[in-house]
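Hello,

Here is the structure we talked about handing over. My notes on it follow below.

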Amino acid sequence: MEEVKKMNVLVLGGSGAGKSTLIRSISGIEVITGVGEGNTQKIDVYESNTWPIRCIDTKGFEYSVFEQWQTIRQVKKYTKEQLSNKKYSSDTGIDAVWYCVEGTARRTFLHNIMLMNKAIKGWKNIPVFAVITKSYSEIDIPENIEAVQQAFAKSSSVNLKKIIPVVAEEYVINEEVRVAPKGIEELCLQTLDCIDEAKKINQENRARMVLEQKRFTANGTVVGATASAVIIGAVPVPFPDSVILMPLETGLTKIIFKIYGVDYSVELVTAIVGSTMITTVAKTILKSIPIAGAVVNGVVAGAIVFALGESVIAAAEAIYTEKLDPTKINETVEFISEKVKNSAIVGATISYFEKNADESQNKKPKEIFDSIVKSINKNK
Ligand SMILES: Nc1nc2c(ncn2[C@@H]2O[C@H](COP(=O)(O)OP(=O)(O)OP(=O)(O)O)[C@@H](O)[C@H]2O)c(=O)[nH]1
Ligand SMILES: [Mg+2]
């Protein structure tokens with residue numbers, strides 16, 4: 001039997017807006033987990049046995065900046081936990097947002113939308129349902145909808161699906177007058193209506209965030225390795241035969257593949273690191289530099305390792321997304337060679353020494369290398 005897909009709905013909004021009341025009003029609700037922060041401030045997940053909906057209750061946006069930041073941090077932490085889940089499970093992540101605003105609190109709409117955008121930053125294009133809570137007064141409803149619409153109109157990046165006025169729990173005005181609950185079914189139905197779109201967006205978001213995280217970690221490793229390369233390479237003999245950099249390059253290549261969790265063979269790593277392309281590129285750079293010596297050698301070693309690292313990251317990413325097959329060793333080495341040859345650092349290194357040949361003699365290789373990296377980051 002095919003498993004029924006559930007929608008994971010993040011419930012956000014101002015403090016006291018009625019998020020928890022709304023969640024409780026959905027039939028068959030039970031708490032399944034408490035994730036995130038300590039006892040009082042944690043994110044709670046509620047699962048409905050009636051609707052295929054899982055509600056993620058958050059701490060409301062308070063007036064104090066510190067507490068607003070806490071809510072945002074909670075959601076980010078929850079996001080991170082979701083990313084560490086299985087890659088293609090359709091069950092994890094966040095599919096939609098119920099953004100709760102109290103009908104009577106119009107002035108805070110715009111500010112809270114900004115906070116919402118911060119909290120769900122990685123979840124681009126996620127379907128958002130604006131829930132106008134405590135919609136006790138029928139007369140106020142059209143005006144409230146208009147106010148919410150206007151607030152969202154100023155934030156064009158939000159994928160707003162629908163604005164739904166809700167009364168989650170009966171509201172007693174006096175012995176004779178009571179306002180009956182309303183809007184819950186509509187909210188659930190409208191949310192489930194966009195399940196296919198929502199799951200697709202969720203999966204794209206998770207895939208993108210996972211890649212961004214891997215790239216970030218891998219970039220950090222490359223930065224560390226290049227710093228070592230600059231030191232190792234700074235020897236006063238004609239160019240460091242790439243042999244002296246080989247252990248570093250081997251380690252770097254393996255770590256990057258590990259960060260991406262891709263399968264690689266020892267043969268592949270040996271082929272990449274032993275490829276003549278690395279020495280060729282190093283020689284090309286050196287030929288174009290008008291001076292020679294330990295400083296130049298150190299900088300060039302850094303540039304080579306940097307170019308290799310960036311190129312291996314590109315390859316690991318292509319392997320991870322199944323665009324490149326690591327068992328095809330020649331193809332993979334070719335892919336990396338092309339990237340190394342075209343790496344921005346090659347041109348930037350040459351151009352640095354062309355412009356600053358004289359001053360460079362008095363500088364430390366690390367200092368020069370850092371300014372070259374900075375110049376290419378600026379051009380990006
Ligand atoms: N009668 C009635 N009371 C409501 C309704 N929605 C919210 N309330 C009341 O409003 C107050 C705040 O509601 P909560 O659901 O705790 O609000 P919250 O958004 O979860 O607040 P935080 O957890 O502090 O962020 C409570 O006293 C609720 O009983 C509703 O639909 N009907
Ligand atoms: Mg609450």
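Which residue is the bridge partner of valine 45 in strand 4? The partner of valine 45 is isoleucine 56. Helices (H or I, at least four residues) and strands (E, at least two) are DSSP runs, numbered from the N terminus.

This is a predicted model, in which local features need pLDDT of at least 70 and side-chain atom pairs count only at pLDDT 80 or more, while totals for chains, interfaces and linings use all residues. Residues are numbered from 1 along each chain as its sequence is written, and chains are lettered from A and ligands numbered from 1 in the order in which they are written.

Around strand 4

Strand 3 (residues 43-48) and strand 4 run antiparallel, joined by 4 bridges; two strands pair if DSSP finds at least two bridges between them. The hairpin between strand 3 and strand 4 passes through 4 residues. Strand 1 (residues 7-13) pairs with strand 4 in the parallel sense over 5 bridges, and here leucine 10 stands opposite isoleucine 56.

Strand 4 (residues 53-57) is largely enclosed by the rest of the structure, because 5 of its 5 residues are buried. Buried means that 20 or more other C-beta atoms, placed from the backbone, lie within 10 Å of the residue's own. In a regular strand the side chains alternate between the two faces of the sheet. In strand 4, Ile53, Cys55 and Asp57 point one way, and Arg54 and Ile56 the other.

Strands 6 and 7

Strand 6 (residues 127-133) and strand 7 (residues 159-165) run parallel and are joined by 6 bridges. Alanine 130 has isoleucine 163 of strand 7 opposite it.

Ligand 1

The shell around ligand 1 has 16 residues, the closest being Gly18, Ser20, Thr21, Gly60 and Ala168; a residue counts as near if its C-beta atom, placed from the backbone, lies within 6 Å. Helix 1 (residues 19-24) gives the largest share of this shell, 3 residues.

Helix 6 and the whole chain

Helix 6 (residues 195-233) has 39 residues and spans 55 Å from first C-alpha to last, close to the expected 57 Å (1.5 Å times one less than its number of residues). Among its buried residues are Ala198, Asn202, Arg206 and Gly233.

The protein chain has 13 helices and 9 strands. Its C-alpha atoms fill a box of roughly 95 × 50 × 35 Å along the principal axes. Buried residues make up 38% of the 380 residues.

Regards

Key
A residue is buried if 20 or more other C-beta atoms lie within 10 Å of its own, exposed if 12 or fewer, and partly exposed in between; C-beta atoms are placed from the backbone.
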